[in-house]
Amino acid sequence: MSSEIKSEFFITVLKGIFVAVICALVGVFVFAAVVKFAALSTNAVKAVNQFIKIISVFLGCFFTLKGGKGLIKGLIVGVFFTVIIYLVFALIGGGEVFGTGFLLDILFGAAIGAISGIIAVNTRGKE
């Protein structure tokens, strides 16, 4: 792999992570406004938060990944997105940073990222 290809790979993945994090933050803030006015159960809030993560990773991959190696690029986006979001919300909420659910969240993010990366590179083509 030449340094130009490595650089393009790295920049593409960073863009994917950035877009995913921004989408998640926007989604969470919009959902927080909804929760403020609606009485939702804890299970509903957890489900919507998972949905926001899925959509965020998908959008991060879909709008930034192209070319090849969608599985690897998406997996990296999913893992790093999950770590960043987990740390951001642990800092905001003052909660436990590396709790028991952290590993499961990483695996979930990796799986969603890999699937999203495959879909992204195969639907967007080799632009």
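Which helices each supply at least two residues of the lining of the largest pocket?

1. Helix H1 (3–37), helix H2 (42–64) and helix H3 (70–93) do. Note that this is a predicted model. Within the lining, H2 gives the largest share, with seven residues.

2. The largest pocket has a volume of about 440 Å³. Its lining counts 17 residues, and the closest to the pocket centre are Asn49, Lys53, Tyr86, Phe89 and Asp105. By class, the lining holds nine nonpolar residues, four polar and four charged.

3. Is Asp105 buried or exposed? Asp105 counts as buried because its relative accessible area is 16%, and the cut-off for buried is under 20%.

4. Next, the contacts of Asp105. Setting aside residues up to four places away in sequence, Asp105 touches Lys53, Thr82 and Tyr86.

5. Now the nonpolar core. The largest one has 15 residues, and Cys61 and Phe81 have the most contacts inside it. H1, H2, H3 and helix H4 (101–124) each supply at least two residues of this core. H1 provides the largest share of the core, six residues.

6. With neighbours within four places in sequence left out, Cys61 is in contact with Gly74, Val77, Gly113, Ser116, Gly117 and Ala120.

Methods. Residues are numbered from 1 along each chain as its sequence is written. This is a predicted model: local features need pLDDT of at least 70, side-chain atom pairs count only at pLDDT 80 or more; totals for chains, interfaces and linings use all residues. Side-chain values use heavy atoms; hydrogens and water are left out. On a 1 Å grid over the protein atoms alone, a cavity is a set of points where a 1.4 Å probe fits but cannot get out, and a pocket is an open set with protein on both sides within 12 Å along at least five of seven lines; lining residues have an atom within 4 Å of a point. Grid points are joined across faces, edges and corners, and a volume is the space filled by probe spheres set on the points. Helices (H or I, at least four residues) and strands (E, at least two) are DSSP runs, numbered from the N terminus. Ala, Val, Leu, Ile, Met, Phe, Trp, Tyr, Cys and Pro count as nonpolar, Asp, Glu, Lys and Arg as charged, and the others, Gly among them, as polar. A nonpolar core is a set of buried Ala, Val, Leu, Ile, Met, Phe, Trp, Tyr and Cys residues joined through side-chain atoms within 4.5 Å. Buried means under 20% relative accessible area, exposed over 50%, partly exposed in between (1.4 Å probe, protein chains only). Contact means heavy atoms within 4.5 Å.
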